[in-house]
Amino acid sequence: MTQNDLSPSSEVTTWSFFGILLVVLIAAYWNMFQEAYFAWQGGLYSHGYLIPAISAILLWLRRKPLQVVPPWQRGVGLGVLCLAMFLRGQYCAYTVLDMWTFVLAFTALLLLTGGFSMLRWAGPVAALLLFMFPIPWQMEQALLVPMQNFATTVSTLFLQIFGFVAIQDGNTIHLADTQIGIVEQCSGLRMTTILLALSLALVLLNERSKIENVVILIFAIPIALATNITRIVVTGMVYSFFPHNPTVEKFVHDAAGIGMVPLAIAMLIGLQAILSRLLVDDESTDLQTEIIENPQEVFWRDKKKIED
């Protein structure tokens with residue numbers, strides 16, 4: 001506990017103040033959350049339910065002792081809150097932009113509660129809340145078409161490499177006795193969004209070097225695309241072995257959809273394990289080198305340092 005840390009009783013009062021502000025903010029944005037609920041019913045953004053729970057867990061795990069907040073920092077928080085309300089008034093007709101102002105308003109609550117010290121450890125969690133909401137429709141359409149084409153083309157290529165007669169026709173893969181339509185839900189956009197959110201959560205959960213964090217976030221996109229293509233290829237193989245079998249097709253379609261997330265997480269953990277071996281801290285390297293040295297030499301060297 002440092003000199004600037006709040007006492008336990010004051011910290012409980014401050015957290016209660018934060019909880020009251022959060023309830024008021026959610027009530028003010030309730031109509032926005034109703035719009036978000038409709039987006040969560042679709043296949044592309046069904047992960048929206050999980051983001052608030054993950055954010056709450058991360059906020060609790062990353063928490064640090066609250067400190068005394070200078071009045072001017074709370075003034076900054078009040079200014080940010082006013083900016084969020086102003087932007088909401090300007091973009092109330094644009095649903096997604098209205099949703100994004102909630103993240104800005106939540107950031108203002110962090111400043112009002114704990115100032116810049118709280119913003120440093122809780123601010124990144126606020127960024128995670130962006131994944132709770134859909135992206136603008138124009139951006140979504142601009143991503144869906146090329147991602148559908150990419151998934152169809154690469155999946156067709158891999159099916160051909162594995163010896164299957166596969167022909168691409170638009171966003172449909174024709175096999176010998178069946179076909180697979182690569183619809184919007186199969187484009188990989190949903191998996192990319194989910195894995196980006198999970199990657200950010202993984203980065204926030206553990207202490208790593210900046211390089212390692214950047215690599216994890218960058219590789220989230222190719223891992224998501226690879227997972228989605230794996231799903232399509234496996235589905236195509238099973239459809240070829242059991243053509244025109246509705247029971248098998250439904251089972252494989254559902255099982256492949258469920259298995260995508262664990263596969264992506266496993267690949268992400270594997271990437272983290274590789275990075276932990278490639279990027280070794282200098283301190284740990286020096287420690288390993290010292291252990292390998294002759295213990296007697298280390299003793300006399302340290303003794304000389306003490307005498308000096």
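Guide: Helices here are DSSP runs of H or I with at least four residues, numbered from the N terminus. Keep in mind that this is a predicted model.

Visitor: Okay, which residue follows helix 6 with a positive phi?

Guide: Helix 6 covers residues 137-161, so look just past that stretch by the run definition. The residue there has a phi near 95°, and that residue is Gly163.

Visitor: How far does helix 6 reach from its first C-alpha to its last?

Guide: Helix 6 has 25 residues. The expected span is 1.5 Å times one less than the number of residues, which comes to 36 Å here. The model's helix is close to that, with a reach of 36 Å.

Visitor: What percentage of the residues is buried?

Guide: Buried means under 20% relative accessible area. The protein chain has 308 residues, and the buried share is 38%.

Visitor: Which element gives the most to the largest nonpolar core?

Guide: That core has 40 residues, and Phe102, Met132 and Phe133 have the most contacts inside it. Elements giving two or more residues include helix 1 (8-28), helix 2 (30-40) and helix 3 (50-61). The top giver supplies 14 residues, and that's helix 5.

Visitor: Is Ala108 buried or exposed?

Guide: Ala108 is found in helix 5 (residues 95-128). Not counting residues up to four places away in sequence, Ala108 touches Gly77, Val80 and Leu81. Its relative accessible area is 0%, so Ala108 counts as buried.

Visitor: How far apart in space are Ala108 and Gly79, C-alpha to C-alpha?

Guide: In sequence, Ala108 and Gly79 are 29 residues apart. In space, their C-alpha to C-alpha distance is 8.0 Å.

Visitor: Leaving aside neighbours within four places in sequence, which residues is Phe133 in contact with?

Guide: A contact needs heavy atoms within 4.5 Å. By that cut-off, Phe133 is in contact with Met32, Phe33, Ala36, Met99, Trp100, Phe102 and Val103.

How values were computed:
Residues are numbered from 1 along each chain as its sequence is written. This is a predicted model: local features need pLDDT of at least 70, side-chain atom pairs count only at pLDDT 80 or more; totals for chains, interfaces and linings use all residues. Side-chain values use heavy atoms; hydrogens and water are left out. Buried means under 20% relative accessible area, exposed over 50%, partly exposed in between (1.4 Å probe, protein chains only). A nonpolar core is a set of buried Ala, Val, Leu, Ile, Met, Phe, Trp, Tyr and Cys residues joined through side-chain atoms within 4.5 Å.
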